[in-house]
Amino acid sequence: MNMQRIRKNRWVFGIIMAAAAVYLGLSVFFMDRFFPGTRVNGEDCSFQEVSKVEEWLLSLAGTAPLTLVERDGTEEELTLEELGGHYEARHEVLRVKRSQNGFLWPRMLWRQDQYELYPEPVFDEELFQQGLNNLECTQKNMSPRDARVIFTDSGYRVEEEQEGAKLNRERFENAIRQAFAQLDTEVNLEESGCYEEPSVRSSDQDFQAMTAQLDCWFSARVTYEIGEEPVELTARQLQKWIRYSDGKAELQTEKIGEFIDELADTYDGESAKRVFYSTRRGRIVLTDRRHKWIIDREAETKALTACVQEGGVIKREPYYQVPEGPSMGSEIGDTYVEVDMGAQHLWVYREGKLVLETDVVTGNTGLSRGTPGILAYVYSKERNRVLRGPDYESFVKYWVPFYRGYGIHDASWRGSFGGSIYKTNGSHGCVNIPPSVMPLIFENVELGMPVITYY
């Protein structure tokens, strides 16, 4: 029984030792050979020694020149020898073989390896740089130009970017090394990104946003209705307010402020002039008899900046500083009394809506007593008043004075109104109203309400 067990153990031990010997033998065999099923660059390298694969890779390298294709289609050839280079294969082959550890050969039973390998170009760096410097493409130094805007009398125009012909040295060197490493025969310098590129292109999102902003600014057509003649903001003036640098445009508030300073210096002396759009005759310039208007430079700078930023056609009066009396801001407003003395007609507007209208009789122009054409304001409302002058005394039920001794009142002594009565039989300067209408006027006017009279 013991002898049988001993014989059996010897037989098992012999099998184990034989298997170990086979394992170690194959491990040694595959220390310098590729596993079965190994393919390099698509070629079967099963059982091939490292040295044989090295020789095969070097045979692939050859001596064919590398063709460089420039942006304009110009071609130039370059050889490895001109760059002081040669190929080595051992390093790459050994690197791959080490991934196939000989002691792990059993994995070849279920796994096949595939590799892409190329002989490694090795360069003398001094000769490499010298060889590149001798190329015609490296002699071209026309730098790229960014997309930009050019200002003109009517606004601006876009100049597209220019690509240039200057190489980016780092990217160019990397492309050359990579081409020799991959055994390429041609390098397209543009497709390989070897050129210096414009930093701003017209297709860039930021550039398009900037030009859209300029479009908005230059669409601004601001007209100041001030003085006898309107002041129009031109594209040339807008240019002075825009700072353009590095593909970015900025609206300079300080420049707009300088423009407002010039406007104020010019028109503050005439700031009693006010613009009004009459019912029948359009734009009229009035003289404001109550306030001396001075342009509010800070407020108007902000307002004009906002107008330019928003773009569009805008008519405006400046913001004013009013040192006395009730202020209406920068506009006459949409609640007022309007008297067209040429037409001998009066209108009352409240919040832009016509409340009433009537024929009137104003000052006698034949006797030089014409009612002044002005912008004034209601400063009192009285009932049952006796109006007195050097040669008259008249009782009125309603009295609405608006400038010095001039006012609006009922005239019960008149049988007709309108027409040309005022030229020969007009008032002493007041605006005479039919008695039936005057109560409505009295009801609808209020203190501080503008009264606009003009011929």
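In the predicted model, Ser-219 is placed in the loop that runs between α6 (205-218) and β11 (221-224). The relative accessibility of Ser-219 is 33%. Ser-219 is therefore classed as partly exposed, since that class covers values between the 20% limit for buried residues and the 50% limit for exposed ones. When residues up to four places away in sequence are set aside, Ser-219 is in contact with Gly-311, Gly-312 and Val-313. A C-alpha separation of 9.5 Å was computed between Ser-219 and Gln-309, two residues that stand 90 residues apart along the chain.

A patch of negative charge on the surface is formed by Glu-75, Glu-77, Glu-186 and Glu-191. Of these residues, Glu-186 belongs to strand β10, which spans residues 186-188. The relative accessible area of Glu-186 is 46%, and this residue is accordingly partly exposed.

The chain contains 455 residues, of which 44% are buried. Contacts between residues at least 6 apart in sequence were also examined; 67% of them join residues at least 24 apart. The accessible surface of the chain amounts to about 24600 Å², and carbon and sulfur atoms account for 48% of this area.

How values were computed
Residues are numbered from 1 along each chain as its sequence is written. This is a predicted model: local features need pLDDT of at least 70, side-chain atom pairs count only at pLDDT 80 or more; totals for chains, interfaces and linings use all residues. Side-chain values use heavy atoms; hydrogens and water are left out. Patches are made of residues with over 30% relative accessible area and no salt bridge: like charges are joined within 9 Å, nonpolar side chains (Val, Leu, Ile, Met, Phe, Trp, Tyr) within 5 Å. Accessible areas come from the Shrake-Rupley method with a 1.4 Å probe; for residues, only the protein chains shown count as cover. A salt bridge is a side-chain nitrogen of Lys or Arg within 4 Å of a carboxyl oxygen of Asp or Glu. Lys and Arg count as positive and Asp and Glu as negative; His and the chain ends are not counted. The place of a charge is taken as NZ of Lys, CZ of Arg, CG of Asp or CD of Glu. Helices (H or I, at least four residues) and strands (E, at least two) are DSSP runs, numbered from the N terminus. Buried means under 20% relative accessible area, exposed over 50%, partly exposed in between (1.4 Å probe, protein chains only). Contact means heavy atoms within 4.5 Å.
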